[in-house]
Amino acid sequence: MYFRRLADMRIDHDKTQKEISAMLHMQPSVYRRYEKGDREIPVWALMQLADYYGTSTDYLLGRTDNPSRPRA
């Protein structure tokens, strides 16, 4: 249920779907489908969101509950 985490992160950062879709260079309707779980998010977009929010892709995907980015 990663799409819920996408919405939670966006809301926690006080951003709109329109702002996030612009950052990802896509139409808001496309991004909205990711948050609703209607479409799977592409890897490139997931990576950009992880960088933007300062977290890991595993956190966004719900594979961990630790939002901290692992150190290299």
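Student: Is D65 buried or exposed?
Tutor: This is a predicted model, and every value here is computed from it. The relative accessible area of D65 is 65%. The cut-off for exposed is over 50%, so D65 counts as exposed.

Student: Which residue forms a salt bridge with D65?
Tutor: The structure holds four salt bridges. In one of them, the closest N and O atoms are 3.3 Å apart. The partner of D65 in this salt bridge is R5.

Student: How many residues apart in sequence are the parts that R5 and D65 tie together?
Tutor: R5 belongs to helix α1, residues 2-12. D65 lies in the segment after α5, which spans 57-61. The pair therefore ties together parts whose separation in sequence is 60 residues.

Student: Is R5 buried or exposed?
Tutor: The relative accessibility of R5 is 18%. Buried means under 20%, so R5 counts as buried.

Student: Over the ring of which residue does the charged end of R5 sit?
Tutor: Besides its salt bridge with D65, R5 places its charged end over a ring. The distance to the ring centre is 4.0 Å. The ring belongs to Y59.

Student: Which residue meets R10 in a salt bridge?
Tutor: R10 is in helix α1 and its partner is in helix α3, 25 residues apart, so the pair links distant parts of the chain. Both side chains belong to buried residues. The N to O distance is 2.6 Å, and the partner is E35.

Student: What is the relative accessibility of E35?
Tutor: E35 is found in helix α3, residues 28-36. Leaving aside neighbours within four places in sequence, E35 is in contact with F3, L6, A7, R10 and Q17. E35 counts as buried, and its relative accessibility is 9%.

Student: Which side chain does a polar contact of 2.9 Å join to that of E35?
Tutor: E35 also has a salt bridge, with R10. The polar contact at 2.9 Å is with another side chain, that of Y31.

Student: Which element gives the largest share of the largest nonpolar core?
Tutor: This core has 18 residues, and those with the most contacts inside it are L6, Y31, I41, L49 and L60. The elements that give two or more residues to it are α1, α3, α4 and α5. The largest share is five residues, and it comes from α4.

Student: Against which helices do the buried residues of α1 pack?
Tutor: The buried residues in α1 are Y2, F3, R5, L6, A7, M9 and R10. They pack against α2 (17-23), α3, α4 (43-53) and α5.

Student: Why is the pair of Y2 and F3 edge-to-face?
Tutor: The structure holds three aromatic pairs. The ring centres of Y2 and F3 are 6.2 Å apart, and their planes are at 75 degrees. Planes over 60 degrees apart count as edge-to-face, so the reason is the angle of 75 degrees.

Student: What are the relative accessible area of Y2 and the relative accessibility of F3?
Tutor: Both values must be compared with the cut-off for buried, which is under 20%. Y2 is buried, with 16%. F3 also counts as buried, with 19%.

Student: Which backbone oxygen does the side chain of T55 reach?
Tutor: T55 is placed in the loop between α4 and α5. Its relative accessible area is 2%, so T55 is buried. T55 touches M9, A50, L60, P67 and R69, not counting residues up to four places away in sequence. At 2.6 Å, its side chain reaches the backbone oxygen of P67.

Technical notes
Residues are numbered from 1 along each chain as its sequence is written. This is a predicted model: local features need pLDDT of at least 70, side-chain atom pairs count only at pLDDT 80 or more; totals for chains, interfaces and linings use all residues. Side-chain values use heavy atoms; hydrogens and water are left out. Helices (H or I, at least four residues) and strands (E, at least two) are DSSP runs, numbered from the N terminus. Buried means under 20% relative accessible area, exposed over 50%, partly exposed in between (1.4 Å probe, protein chains only). Contact means heavy atoms within 4.5 Å. A polar contact is a pair of N or O atoms within 3.5 Å; within protein, one must be able to donate a hydrogen and the other to accept it, and residues adjacent in sequence count only if both atoms are side-chain atoms. Rings of Phe, Tyr and Trp (its six-membered ring) pair if their centres lie within 6.5 Å; planes under 30 degrees apart count as stacked, over 60 as edge-to-face and the rest as tilted. A charge sits over a ring if NZ of Lys or CZ of Arg is within 6 Å of the ring centre and within 35 degrees of the ring normal. A salt bridge is a side-chain nitrogen of Lys or Arg within 4 Å of a carboxyl oxygen of Asp or Glu. A nonpolar core is a set of buried Ala, Val, Leu, Ile, Met, Phe, Trp, Tyr and Cys residues joined through side-chain atoms within 4.5 Å.
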